[in-house]
Amino acid sequence: MMKHPIAQLAAAALAVAGWSAQAQTSQVTVFGLIDLSIGQTKAPGGVRNRDVDSGKMTTSHFGLRGSEDLGGGLSAVFRLEHFLRADTGESGRFTGDTFWSRNATAGLSHKDYGTVTLGRNTTPLFIATVNFNPFGDSFGLSPAVRHYFTSGTATGDSGWNDSIVYSSQNLGGLRFGLAATTDTNGSGGRNVGANVGYAAGPLAAAFVYQNVEKDGATAVQDTRTWQLSGSYALSAAKLFAQVGKVDNKTTENSFDIVGFGASVPLGAGSVLAYYSRIKPETGNQRKTFSVGYDHFLSKRTDLYAVAMSDKIATLSSGHGYSFGIRHRF
């Protein structure tokens, strides 16, 4: 029984809870999010599907994170985070996805010098894409996430295996970071990335660069990506914009990606809207637009309704809608 991943997680939670009780300078948190919705989806050129889905707005997940104060401003930190499909009870984002595929890291953090983590780390490109669009980390409904991570543009996953990541502390609103992977088992290459960002008052901005040559321990098409993102909070709305380019060095094709949108507070929630366009050097353009309303019943629970239009030239139009609930714990 203990070989089952859920049994192992339960045992780990009990173990870290006992460890935390013994060490007053240690902190461990069990957390997660369940996202379930009902709706309809039709990909460009595809067929219509009606179903209950998991993770349309945020991929369902749970995990453990913690830290131990080592003194002198230094702490040991870790994260173990797992994706799941709550509509079927299956593990991972898809069949074959590893158990701790969201994050599996350990490292050291210093209040003056920043944080270094080893393991499977979320990439700077994914974090910037998520932070600068009103639909956040939605693979199902965010045009920005879909255009960088599921449209045949940038290669590599939203997390890198065998990676080391450095993240600076806040330097008067300025932050920067570096990421790199090893050439595991001679898989054919390494990934590298860098990011710099600024946030103060109503203005935030970020620039990200990454070069990908592998996905996990497998060589993939080599791509070089840069992205410039920004947001500005007005009294009546928060505005978002992103511009980027992906150069596929294997196929010698390139993709210009531009997007913009807004989040407008309304009642106990917000109206969300975002438009993004992929313009390839060779091939058809893709234009995706999403609009919806996200209503919070509490700090941990919200209801959402989103409609999306997804068009690729020469293919029948794609579209979809979702009515869902998210609960955080």
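The model is predicted.

**R102 and E81**
- A salt bridge joins R102 to E81, with 2.7 Å between the closest N and O atoms.
- This pair links distant parts of the chain, 21 residues apart: R102 sits in the loop between β5 (90-91) and β6 (103-110), and E81 in strand β4.
- E81 has 0% relative accessibility and therefore counts as buried, the cut-off being under 20%.

**The network of R93, D97, R120 and D157**
- Salt bridges link R93, D97, R120 and D157 in a network.
- D97 pairs with R93, the closest N and O atoms lying 2.8 Å apart.
- D97 is buried, since its relative accessible area is 13%.
- D157 forms a salt bridge with R120, where the closest N and O atoms are 2.8 Å apart.
- D157 and R120 are both buried.

**Second largest pocket**
- The second largest pocket holds about 590 Å³ of space.
- Its lining consists of 26 residues, and G55, F139, G140, R146 and T150 lie nearest the centre.
- At least two lining residues come from each of β1 (26-42), β2 (48-54), β4 (74-85), α3 (143-149) and β17 (301-312).
- By class, the lining of this pocket has 10 charged, 10 polar and 6 nonpolar residues.

How values were computed:
Residues numbered from 1 in each chain as written. Predicted model: local features only at pLDDT ≥ 70, side-chain atom pairs only at ≥ 80, totals over all residues. Heavy atoms only, no water. 1 Å grid on protein atoms, 1.4 Å probe; cavity = no way out; pocket = protein on both sides within 12 Å on 5 of 7 lines; lining within 4 Å. Points joined across faces, edges and corners; volume = space filled by probe spheres on them. Helix = DSSP H or I, 4+ residues; strand = E, 2+ residues; numbered from the N terminus. Nonpolar A, V, L, I, M, F, W, Y, C, P; charged D, E, K, R; others polar. Salt bridge = Lys/Arg side-chain N within 4 Å of Asp/Glu carboxyl O. Buried < 20%, exposed > 50% of the residue type's maximum accessible area, 1.4 Å probe, protein only.
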